[in-house]
Amino acid sequence: MACNRLHTELGNWQVNPPSGFNLEPSDYLQRWLIEVNGAPGTLYANETYQLQAEFPEHYPIKAPQVIFLPPAPLHPDIYRDGHICLDILYDSWSPTMTVSSICISILSMLSSSTVKFPSSEMMDVPLILSKHVFFSKFKADEDESNNANMVFSPVSIQIIFALIAAGSSGSTLDQLLAFLKFNSVEELNSVYSRVITDVLADGSPMGGPRLSVTNWAWVDQSLSFKHSFKQVMDNVYKAASASVDFRNKGDEVTGEVNKWAEEKTNGLIKQILPPVAVNSGTSLILANALYFKGAWTEKLNASDTKDHEFHLLNGGSVQAPLMTSKKRQYVKAFDGFQVLRLRYKQGEDKRFLNMYVYLPNARDGLPTLLEKISSEPGFLDRHVPYEKVKVHEFLIPKFKISLGIEALEVLKGLELTLPFKGGLTEMVGENYPLAVANVFHKAFIEVNEEGAEAPAAKAFHKAFIEVNEEAPVAPAVTVATMMFGCSMMKVEEEIDFVADHPFMFLVKDETAGVVLFVGTLLNPLAVSPS
């Protein structure tokens, strides 16, 4: 089937090739190499890239695998390893499409981009943070280390510190830019403007995940914002503000901030600031709230969820509800661990959001895996399961995690120290430098058969997540390839993905590489204090 169709398409290409593309000679009909030339007047003008298209035996009934060979273009919808987030290559594929039409769609995607998103550096920050948050909590709860579940929102923390950077100067600004992996405030503001406006925009009206992000500032009534900082707050971070009396009405302000957090997280986070957080020395509170709720593209059947043994780090075990499915899954085995990708329902939303589960092979291997993940630049881009595979045994826990942290010591442990000493000179009033007194973060996540719901709130002077059958594996795949003429036939074995021991998970937007939530599950039955 594939040979006849490809001979026809090859003939049509030679007569009428798509503009901007050159087909390179090849002796193998089922693999095409195509030169791509960036369109004039776009970010990719005068740049040349190489596409590789591999065609399955049942093409065009099945879609070809089309990727960029390295180096791939820097684009929000293109992974570092060259895979392309273009729906027509996956769920929206139609047999009426051709190689030419695919190329035209890819060039259009490149031409419409307004930014070359620096995703790999940004994605490294959440992984470094996750290791430090995990080990700080793990050591603090050493007596109950098996219950040290963790979740937080990296992007919530990054947004707050990006806003702080916009109001800083000198060595403090330099340290903040180094921490956030940016070269300048202008670059930082440009990227986070897009993150807030596009990446974190609500997708529910289009049938995608529900998302909302809100930034707010409370400033003491004796102070006023500098015009330049107020412009950044308004135009880049979309932050509203209020003038309050910290000195005489600290308790009222605390209540106001906590009420705001509760409203913006759909009632799931009720207290972001502890009672003693605000005092007469408080001058400014900056806060970010992020809410996410997504449904799996393929929901799991709640009636199939059964109790199974879940192994703890200390060698013990508990009986916990584990979800299951017999459907093919996005799963891949790597050296010492497996990765599962669960897709969120997209609808007409152009963004791709996924939950990833990073499962170590060893039951006690999570600490070692976290060290590996946080120490290898570009780890997330290089460990993505792109193809669905057959699964024999598939088990993943339902869980809820709620965690509130004071992130001050964690951030100092990452050598982010100067903002806590001073240097925040560009926020308020003339000659009125500020310093960060504390950083409160709270998150919650729930994962079940339907999907995942996760709010986060952060204030500087909290994150929660649940997983169940509705939405938020590692396999070993043996492939025998037999070639006969121009055909290829793959025989794949069924694989197992059994998440019955501690693992790491994260929720990520694929278009920009933004990590919304990251966490570790050590015990599905443990209930973290809120």
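Student: How many helices and strands does the chain contain, and what makes a stretch count as one?

Tutor: The chain has eleven helices and 23 strands. The model is a predicted one, in which local features need pLDDT of at least 70 and side-chain atom pairs count only at pLDDT 80 or more, while totals for chains, interfaces and linings use all residues. Residues are numbered from 1 along each chain as its sequence is written, and side-chain values use heavy atoms, leaving out hydrogens and water.

Student: Why is E9 called buried?

Tutor: Buried means under 20% relative accessible area, exposed means over 50%, and partly exposed lies in between, with a 1.4 Å probe and protein chains only. E9 has a relative accessible area of 7%, so E9 is buried. Of the 530 residues of the chain, 57% count as buried.

Student: Where is E9 placed, and which residues does E9 touch?

Tutor: E9 is in helix α1 (residues 2-15). Leaving aside residues up to four places away in sequence, E9 touches W32, Y59, M97, T98 and V99, where contact means heavy atoms within 4.5 Å. A polar atom of the E9 side chain lies 2.8 Å from the backbone nitrogen of V99.

Student: What makes R31 and E54 a salt bridge?

Tutor: The term requires a side-chain nitrogen of Lys or Arg within 4 Å of a carboxyl oxygen of Asp or Glu. For R31 and E54 the closest N and O atoms are 2.7 Å apart, and the pair forms a salt bridge. R31 lies in strand β2 (residues 31-37) and E54 in strand β3 (residues 48-54), so the pair ties together parts 23 residues apart in sequence. R31, at 32% relative accessibility, counts as partly exposed, and E54, at 26%, counts as partly exposed. The structure holds 13 salt bridges.

Student: What distance makes K226 and E426 a salt bridge, and which parts of the chain does the pair link?

Tutor: The closest N and O atoms of K226 and E426 are 3.6 Å apart. The pair links distant parts of the chain, 200 residues apart: K226 is in the loop between β6 (210-220) and α7 (227-235), and E426 is in the loop between α11 (408-413) and β17 (439-460). K226 counts as buried because its relative accessibility is 16%, whereas E426, at 29%, counts as partly exposed.

Student: How do you know that β13 and β22 pair?

Tutor: Two strands pair if DSSP finds at least two bridges between them. Six bridges join β13 (residues 353-360) to β22 (residues 503-509), and these strands run antiparallel. M355 stands opposite V507 in β22.

Student: What makes β5 and β14 edge strands, and in what order do the strands of the sheet run?

Tutor: Seven strands form an open sheet in the order β5-β23-β22-β13-β12-β11-β14, with antiparallel pairing. The edge strands, β5 (150-152) and β14 (388-389), each pair on one side only.

Key: Helices (H or I, at least four residues) and strands (E, at least two) are DSSP runs, numbered from the N terminus. A polar contact is a pair of N or O atoms within 3.5 Å; within protein, one must be able to donate a hydrogen and the other to accept it, and residues adjacent in sequence count only if both atoms are side-chain atoms.
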